[in-house]
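Dear colleague,

My notes on what was found in it follow below.

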Amino acid sequence: MFRFRALLGGKLTVATLLLCALAGAPAQAQPARPNVLFIVADDLGFSDISPFGGSDIHTPNLQRLAEQGVTLTNFHTLPTCAPTRSVLLTGADNHLAGKGAQVITPDQQGHDGYEGHLNDRVVTLAEVLGKAGYRTYFSGKWHLGDEPEHAPFNRGFQESFALLPGGASHYADMRPLHPAEPVVYARNGKLVDSLPADFYSTRNYTDYLTDWLQRDAASDQPFFAYLAYTAPHDPLQAPEEYIRKYDGVYDEGYAKLRAARYERLKTLGVFADVPLPPWPELIAEWDSLPEPEKVLRRRDMQVYAAMIDYMDEQIGRVLDVLQQQGQLDNTLIVFLSDNGANGTPPKIYPAHTRAFHESFDNSLENRGAPGSFASQGPGWATASGGGLKLFKYFLYEGGIRTPAIVVLPGTHPSGVRSAAFTHVRDIVPTVLELAHVTHPAAQDASLAPLEGHSLVSLLTGRTDDTQPYEVGYELHGSRAFIQGQWKIVQSVIPTGTGQWQLFDLSSDPGEVNDLASEQPERLAEMQQAQARYEQANGVIYSPPGFISKAQRLSAIVLGLLAAAALVQMLLTGRRGNRVRMLGAALRTALAVALILEWRIGLFYALAALQVLDVLAALRGSRWIRAVFIGLLLLALLTLAWLLHSGLGLWLVLKDY
């Protein structure tokens, strides 16, 4: 309580009393501001920690957080690292923040929202809290700008040690994910030339943060700390003694692990009591693998588990420091993964060629050690999803539904699970409400507004859900829109079909039953909502690399089919063959409709009409030529089907 005294001629004036009252009241009413701690795992699957069914991996500290806070079992991110991190730190859509794509195409370069780093239309949470009197710390993976001028030190973090690109060796050798993305570390905006000989990312990131916390223990300022691990991102690497802890744990393979975790998730009440979704057809079943490959894959999952185990241990170090300082109970803790597990092989990185990959020692004995480069692979990543569909890079639930735990400061509900739909964009508004800070976009229209809403009511038990909730997605050509329990997805060719799908997530979180044909009106309404989302956020639709090539090839093939049918329609019309003319007209219309939007039902109709046309040609005088042309067109139809079959996923997932 403040005491004010003012003397004027030996008497306290009325004016002074009023000033004192005005000055004193806000100070008494203002509650203590909490510390804020973000802990972000990198490519951690939905069921990889014990609060989410992963009891095979030792994660007692994350279990401790879950028992002290709220486990968000329906939390969503974006499907890749950088876009998620841009939303987490700004609360704005990634297309507004500068990370509209992780792989920026020539059509997107130079346009707002596709700068490749956080732009000036957004402010970071560190910038906002720093101006409000917070100490701000960053340690770990940044991935929001590869140049020092875009490093965390220049976006509001007063202390920082950052890996600027998306990943690297976890050891001191600083080997990159691929040659086109050099490894860059920065300490307070200045480049770091070399790392300590005993460097291991998870431990050293933790060291930096705990050192800062201990150095500033006497400060009366609250802190915002962002601890961004690169575990368990590839290359999979961990200390050997942690790897050995998991000898024999994964001998039975990834399908049985997936089934066991799914059962635990049902026991926890995360999933309803419905059958486990079938194993994905394009991912090799465990029993089909030769024994030498099984041996390597078991080792990979052991290393993956060891990385998570080690990360959990380091999280415990941070919690212990806060406990010792008496700050743990006044700290908002947010733990999450930036996307689902990574099931794609290293060749997905732009310049990770076979020759580069073979420069690593990936022998069984060296797997997980410095100089190795192994990945989790699609089988184990599917198991990590615990029954969700696919994994990182995809807009299905396995790519965007991730584990998240929030522990509120002070007295709060604990050991609670919430199935309400929540999103990474809700984190910044939640922090600002608890810190009693207003976002500057409220006064500055040039700044991107906050997209989400505060979860404080949900986390304190004042409300059971956050419905209605709507959120749109577009990344690298794939699209999705979630509206309450409903979700539409368009997965791009050649790894998907290109056809819009509709799912009821409340009863089908595994996205098995496509309801698009049963509810076309709902599908159309949500497609329109998704289109409005793209327009509002300045989306430039330009898929990268092989995706755009596949789309162009599909358009060319369907265009040729439409042109051929149009020519036939004109020729048969001149000859008076109305039946074949009508058939050609229908084929023209169907081919054009498929160019505009792929629908498998329309394709089957087009194929059936083409077969009928070939059969009809057998009755004509020039049947040999007609049949030859008809068969060529059927070959084009087969190519179109292959492009839209999703079989390209098999090629993408095939390792060197």
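Ser 139 is found in strand E4, which spans residues 135–141, and in this predicted model the residue counts as buried because its relative accessibility is 1%, under the 20% cut-off. Leaving out residues up to four places away in sequence, Ser 139 touches Phe 161, Tyr 205, Tyr 208, Trp 212, Tyr 226, Leu 227 and Ala 228. By contrast, the C-alpha atoms of Ser 139 and Gly 253, which are 114 residues apart along the chain, are separated by 35 Å.

Tyr 229 counts as buried, because its relative accessibility is 0%. The side chain of Tyr 229 makes a polar contact with the side chain of Thr 206, at 2.8 Å, and the C-alpha atom of Tyr 229 lies 6.2 Å from that of Lys 141, although the two are 88 residues apart in sequence.

Thr 206 brings us to the helices. Helix H6 (residues 201–215) and helix H9 (residues 291–324) pack with their axes 10 Å apart and at an angle of about 5 degrees, and the two are therefore roughly parallel to each other. On the side of H6 the contact is made by Thr 202, Arg 203, Thr 206, Asp 207, Leu 209, Thr 210, Leu 213 and Gln 214, and on the side of H9 by Tyr 310, Met 311, Gln 314, Arg 317, Val 318, Val 321 and Leu 322. Sorted by class, this contact of H6 with H9 has 7 nonpolar, 5 polar and 3 charged residues.

H3 covers residues 81–90 and is mostly covered, with 10 of its 10 residues buried. Just after H3, Gly 91 takes a positive phi of about 75 degrees.

As for aromatic side chains, a search of the whole structure finds 34 aromatic pairs. In one of them, the rings of Trp 142 and Phe 157 have their centres 6.2 Å apart and their planes at 90 degrees, so the pair is edge-to-face. Both residues lie in the loop between E4 and strand E5 (159–163), so the pair ties together parts that are 15 residues apart in sequence; Trp 142 and Phe 157 are both buried. Ring pairs also link Tyr 137, Phe 161, Tyr 185, Phe 199, Tyr 205, Tyr 208, Trp 212 and Phe 223 into a cluster, and Phe 161, Tyr 205, Tyr 208 and Trp 212 are among the residues that Ser 139 touches.

Finally, Thr 495 is found in the loop between strand E15 (486–490) and strand E16 (500–504), and it counts as buried because its relative accessibility is 13%. The side chain of Thr 495 reaches the backbone oxygen of Val 492 at 3.3 Å. Neighbours within four places in sequence aside, Thr 495 is in contact with Phe 394, Phe 546, Gly 646, Gly 648, Leu 649 and Val 652.

With best regards

Key: Residues numbered from 1 in each chain as written. Predicted model: local features only at pLDDT ≥ 70, side-chain atom pairs only at ≥ 80, totals over all residues. Heavy atoms only, no water. Helix = DSSP H or I, 4+ residues; strand = E, 2+ residues; numbered from the N terminus. Buried < 20%, exposed > 50% of the residue type's maximum accessible area, 1.4 Å probe, protein only. Contact = heavy atoms within 4.5 Å. Axes fitted to C-alpha atoms, helices over the stretch in contact; angles between N-to-C directions. Parallel < 35°, antiparallel > 145°, perpendicular 65-115°, else oblique. Nonpolar A, V, L, I, M, F, W, Y, C, P; charged D, E, K, R; others polar. Polar contact = N/O pair within 3.5 Å; in protein donor to acceptor, adjacent residues only side chain to side chain. Phe/Tyr/Trp six-rings, centres within 6.5 Å; stacked < 30°, edge-to-face > 60°.
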